[in-house]
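Me: I have a model open and would like to know what stands behind the terms used for it. Could you take me through them?

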Amino acid sequence: MHVTREVREVIMSRTFGPSSAPPIPDPSVLEGVTAPTFAYLPDPSILFARRAARFRHLAQNNPLAPYLTFLAGLCEAQHAAIAATPAPEPVEAAQVERARANEMPPLDRSHFTTDAAFDTLFERALAEATKIEQPEAARTALERVRMASDVARGEMIRNVLASSIPEEALAEHLYVAAALEAHFARLASQLDAARLVPVGDGVCPTCGGPPVGSLIVNWPTSHGARYCACALCGTLWNYVRVRCTACGSTAGIGYQEMEGGNGAVKAETCDTCHAYSKVFYLTQDDGLDPVADDVASLALDIKQKDGPYRRAAFNPFLLGY
Amino acid sequence: MNMELSRRQFLKTAGAGVAGTTLGALGFGPIEEALASTIKPFRLVNTTEVRNTCTYCSVACGILIFSKGNLAKGEKADITHIEGDTDHPTNRGTLCPKGAALLDIVKSEQRLKQPMIRRAGSDKFEKISWDEALDKIAKAMKADRDANFIAKNNDGVTVNRWLTAGFLAASATTNETAFATYKVVRSTGILAFDNQARV
């Protein structure tokens, strides 16, 4: 039976007294169980600051502390560069609509061209990165990126956007990826999340990239839903649970975690495509950040090297696994 | 599927091993090696998450069953947790109080695991085979229907009712099973009947 608001108020006032009485629990909040929102776009003004804080938190009593602290510094550089440089031009509305009509991501990675806004952000992010305490190898790589010709820089940008990094230049590409993350998070934040459409299994609906992992969220409106996190632009998009994020299969899905773990980070393994990607349970630890905790749970990836599954996730901070 | 191509390119270029990792390239190789040796004694633990349907009523809410151990890997699996499936369009992760207590029925000592019978004159239940149980049920139903079937009501209108027996069928069946169950039970004249085809 449908109960109108007026009828409900009458019932409530009869049951709990007149409306002048102190506020009473409203049963209407229990209604309206809805499907989870499809996508959440990043807020670049806080995304990298929060990630930096998470890296610093994870660095406490962690054998990877020096690296986690370094990455905290890199995220702070991303945050500082965003705060200090003007926002890029939003993507043209016509392109957004055309992408939507054809179920394509509105940010087109394959035709990305640098502009003044990106160049400024890039220079600033790298300048900020020089302030980080880092090993000699890292500092040398950073200097190589800063000194790189336009052609070499363009090549590195294309590599990162293709999620295909040459093994001999992993360090250089880390800095390029950090600048691109900041730029794409800004571009993504200017879009309308409600206008995004699914573009394929395990593909970011904003920029078309692979996920770094997925979150099982504990948010009031979508408790227990799973969101994939884009490794580049930071978009979170809803994805069915117990389903491989690399191939979309629902058969032969298993989970593995480190012995003695608290169930907050697990590897979701797929017997169809023999890949795994990490699932982060905010229900177990609501401070989890998909990028930071992916790095901090490196032990899981080291253990997987013996197993039959290969790593499906893309994270420029953790390549080689 | 869509990203397999780019992943393969990546895997070709970045091989496994500490030498070919971001940490190694940045000069953090020693801590990576230290971590690898620290975790050597630890092993990976298998857990599973499986979709299923709540056993109780015809609403057929989706549930996720969590267990420790993975049967597919030849291990024993022990159910540790059951929650509503947010991806299921019927209940979107919500469960009624009965459904929310499913773990307790799974673990319950009193849960019925095979057909049981309390024979006439006995004070306790004993195990019985499915064949024997189904035969007894069929005989009892036949006798009851023969005795109590109502073909016409007081006004002489054909009604074909069988009101002295009821039938509760499973909630987690396919459409085809639900359809067949409905046809079989209704054609006997049973009115006190529930399965998920009702919803």
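Me: Which residue stands opposite K68(B) in β3(B)?

Reply: That is D78(B). Please keep in mind that this is a predicted model.

Me: What makes β2(B) and β3(B) a pair of strands?

Reply: Two strands pair if there are at least two bridges between them. β2(B), residues 62–68, and β3(B), residues 78–84, have 6 bridges, so they count as paired by that rule. Their sense is antiparallel.

Me: How do you know that β1(B) pairs with β2(B)?

Reply: The same test works here, with at least two bridges needed. β1(B), residues 44–53, is joined to β2(B) by 7 bridges, and the two run antiparallel. One example to look up is E49(B), whose bridge partner in β2(B) is F66(B).

Me: And what joins β5(A) to β1(B)?

Reply: Here 4 bridges link the strands, which run antiparallel. Since at least two are required, they pair, so the term holds between the chains too. If you look at M258(A), you will find L44(B) as its bridge partner in β1(B).

Me: How many residues are in contact between chain A and chain B?

Reply: On the chain A side there are 57 residues, in contact with 46 of chain B. Contact here means C-beta atoms within 7 Å. Among the elements that give two or more residues to the chain A side are α3 (65–84), α8 (170–189) and β5 (253–258). β5(A) gives the most, with 5 residues. By class, this side of chain A has 34 nonpolar, 13 polar and 10 charged residues.

Me: Which residues of α3(A) meet α5(A)?

Reply: Those in α3(A) include L74(A), A77(A) and A81(A), while L121(A) and A125(A) are among their counterparts in α5(A). The residues of this contact divide into 8 nonpolar, 1 polar and 2 charged.

Me: What makes domain 2 and domain 3 of chain B neighbours in contact, and how far apart are their C-alpha centres?

Reply: The centres lie 29 Å apart, yet 8 residues of domain 2 are in contact with 6 of domain 3. The domain 2 side has 4 nonpolar, 4 polar and no charged residues. In the domain assignment, domain 2 spans 47–107 and domain 3 spans 149–198.

Key:
Residues are numbered from 1 along each chain as its sequence is written. Chains are lettered from A and ligands numbered from 1 in the order in which they are written. This is a predicted model: local features need pLDDT of at least 70, side-chain atom pairs count only at pLDDT 80 or more; totals for chains, interfaces and linings use all residues. Two residues are in contact if their C-beta atoms, placed from the backbone, lie within 7 Å. Ala, Val, Leu, Ile, Met, Phe, Trp, Tyr, Cys and Pro count as nonpolar, Asp, Glu, Lys and Arg as charged, and the others, Gly among them, as polar. Domain bounds come from an automatic or database domain assignment.
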